[in-house]
Amino acid sequence: QIQLMESGGGEVQAGESLRLACTSASSLSGFYALAWYRQAPENQRELVAYSVSGDNGNYADSVKGRFSISYDKVANTVYLIMNDLKPEDTATYYCSTGWVYQGDYRPYDYWGQGTQVTVSS
């Protein structure tokens with residue numbers, strides 16, 4: 001079973017940036033797709049972005065133009081660069097491995113502890 005470890009969260013002001021990182025003791029390069037989700041209190045887990053075989057990524061409308069997903073094969077780390085953060089971005093962020101079926105990202109049921117992002121106005 002793969003173990004995912006997220007880091008990089010924190011408390012920031014609106015308009016600031018953060019870079020989240022996700023790594024694993026196992027190689028992530030063999031997975032077809034990598035993704036980031038987030039979950040705010042009392043909300044369902046939401047897909048934020050996913051990348052297929054290292055492409056430029058696919059993004060939720062709410063983060064398009066502000067967030068960027070990338071994978072560093074040497075570091076075996078998936079990044080989520082978040083710019084121009086807004087209070088509504090406040091959530092716990094989780095990385096994910098998975099596949100794409102009929103245009104939809106499907107996660108494997110492996111989840112780390114997540115990393116908390118809090119954005120104040």
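Me: With which side chain does the side chain of Arg38 make a polar contact, and what makes it one?

Reply: The partner is the side chain of Tyr93, at 3.0 Å. A polar contact is a pair of N or O atoms within 3.5 Å; within protein, one must be able to donate a hydrogen and the other to accept it, and residues adjacent in sequence count only if both atoms are side-chain atoms. The 3.0 Å between Arg38 and Tyr93 falls within 3.5 Å, so the pair qualifies. Please keep in mind that this is a predicted model, in which local features need pLDDT of at least 70 and side-chain atom pairs count only at pLDDT 80 or more, while totals for chains, interfaces and linings use all residues. Residues are numbered from 1 along each chain as its sequence is written, and side-chain values use heavy atoms, with hydrogens and water left out.

Me: Why is Arg38 called buried?

Reply: Buried means under 20% relative accessible area, exposed over 50%, and partly exposed in between (1.4 Å probe, protein chains only). Arg38 has a relative accessible area of 6%, so it counts as buried. This residue lies in strand β4; strands (E, at least two residues) and helices (H or I, at least four) are DSSP runs, numbered from the N terminus. Not counting residues up to four places away in sequence, Arg38 touches, among others, Glu46, Phe67, Asp89 and Tyr93, where contact means heavy atoms within 4.5 Å.

Me: What makes Cys22 and Cys95 a disulfide?

Reply: Their sulfur atoms are 1.8 Å apart, and a disulfide is a pair of cysteine sulfur atoms within 2.5 Å, so Cys22 and Cys95 meet that cut-off. The structure holds one disulfide. Cys22 sits in strand β3 and Cys95 in strand β9, 73 residues apart, and the pair thus links distant parts of the chain.

Me: Is the Cys22–Cys95 disulfide right-handed or left-handed, and why?

Reply: The torsion about its S-S bond is about 40°, so the disulfide is right-handed. Both ends are buried: Cys22 has 1% relative accessibility, and Cys95 has a relative accessible area of 1%.

Me: What makes β4 and β9 a pair of strands?

Reply: Two strands pair if DSSP finds at least two bridges between them. β4 and β9 have seven bridges, in the antiparallel sense, so they pair. Tyr37 has Tyr94 in β9 as its bridge partner. β9 and β10 form a hairpin with two residues between them, and Gln102 in the turn has a positive phi of about 50°.

Me: Why are β1 and β7 called edge strands?

Reply: Four strands form an open antiparallel sheet in the order β1-β3-β8-β7. β1 (4–7) and β7 (67–72) each pair on one side only, which places them at the edges. Inside the sheet, β3 (residues 18–24) and β8 (residues 77–82) pair over six bridges, with Ala21 opposite Tyr79.

Me: What makes a group of residues a nonpolar core, and how many residues does the largest one have?

Reply: A nonpolar core is a set of buried Ala, Val, Leu, Ile, Met, Phe, Trp, Tyr and Cys residues joined through side-chain atoms within 4.5 Å. The largest has 26 residues, and those with the most contacts inside it are Trp36, Phe67, Leu80, Met82 and Tyr93. Apart from it lies another core of six residues, among them Ala33, Tyr37, Tyr50 and Val52. In soluble globular proteins, nonpolar side chains tend to be buried together.

Me: How do you know whether Leu80 is buried or exposed, and what does it touch?

Reply: Leu80, in strand β8, has 0% relative accessibility and therefore counts as buried. Leaving aside neighbours within four places in sequence, Leu80 is in contact with residues including Leu18, Trp36, Phe67 and Tyr93.

Me: Why does Thr115 count as buried, and what does its side chain reach?

Reply: Thr115 has 9% relative accessibility, so it counts as buried. From strand β11, its side chain reaches the backbone nitrogen of Gly9 at 2.9 Å.
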